[in-house]
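Keep the model open while you read.

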Amino acid sequence: MMNFGEVAEFRRSEQATDFAQAWIRAQEAGDLASEWHMNLLGWSSDSPAHVLGIVLNLLDLSAENEAINEIVAIGPAEWLVEHCPDEFAILLREAIRSHPGFALATSWKRAHSEHPKWKALHTT
């Protein structure tokens, strides 16, 4: 499993940045079944560190766009938490501590959800 430093390094890659930009373009075009949307959801269990890096990029790139930011929170961020391996919680906690956008995007679910994966992040 990658550590948070490796997630941060991946975020800076051209691949991660290009992917996030394409996801946002598809979202803005209303293409909710785009390859970008489907791939991001599909990678949550196999490559959660890469998905986390892309989700953090999405939150950064959409910081000024409340509608897209909310979609990221109730879409990819929520899906990642609920479908990643249990041992990935350590990286999710680090993302919550170090990325204000991710902390905000996950705050309601961490406080109110009864889902075991959200409950595990509640004290973060």
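Helices here are DSSP runs of H or I with at least four residues, numbered from the N terminus. With that naming, H7 gives the largest share of the lining of the largest pocket, seven residues. The model is predicted.

**Largest pocket**

- The largest pocket holds about 330 Å³ of space.
- Its lining has 18 residues, and the closest to the pocket centre are Asn69, Glu70, Ala73, Leu104 and Ala105.
- Three helices each supply at least two lining residues: H4 (48-61), H5 (66-83) and H7 (100-112).
- Which helix supplies the largest share of the lining? It is H7, with seven residues.
- By residue class, the lining has eight nonpolar, five polar and five charged residues.

**H2 against H4**

- Two packed helices are described by the angle between their axes and the distance between the axes.
- H2 (residues 14-28) packs on H4 at an angle of about 60°, and the two axes lie 9 Å apart.
- Why is this pair called oblique? Angles of 65 to 115 degrees count as roughly perpendicular and those under 35 as roughly parallel, and the angle here is about 60°, so H2 and H4 are oblique to each other.
- The H2 and H4 crossing is right-handed.
- On the H2 side, the contact uses Ala16, Thr17, Phe19, Ala20, Gln21, Trp23 and Ile24.
- On the H4 side, Ile54, Asn57, Leu58 and Leu61 meet them.
- The residues of this contact of H2 with H4 comprise eight nonpolar, three polar and no charged.

**H3 against H5**

- The axes of H3 (residues 35-46) and H5 come within 8 Å and cross at roughly 25°.
- Angles under 35 degrees count as roughly parallel, so H3 and H5 are roughly parallel to each other.
- H3 passes H5 in a right-handed crossing.
- H3 brings Leu40, Leu41, Ser44 and Ser45 to the contact, while H5 brings Pro76, Trp79, Leu80 and His83.
- What classes of residue make up the contact of H3 with H5? They divide into five nonpolar, three polar and no charged.

**Links between topics**

- H4 supplies at least two residues of the pocket lining and also packs with H2.
- H5 likewise supplies at least two lining residues, and its axis comes within 8 Å of the H3 axis.

Key:
Residues numbered from 1 in each chain as written. Predicted model: local features only at pLDDT ≥ 70, side-chain atom pairs only at ≥ 80, totals over all residues. Heavy atoms only, no water. 1 Å grid on protein atoms, 1.4 Å probe; cavity = no way out; pocket = protein on both sides within 12 Å on 5 of 7 lines; lining within 4 Å. Points joined across faces, edges and corners; volume = space filled by probe spheres on them. Nonpolar A, V, L, I, M, F, W, Y, C, P; charged D, E, K, R; others polar. Axes fitted to C-alpha atoms, helices over the stretch in contact; angles between N-to-C directions. Parallel < 35°, antiparallel > 145°, perpendicular 65-115°, else oblique. Left-handed = near helix turned anticlockwise from the far one by under 90°. Contact = heavy atoms within 4.5 Å.
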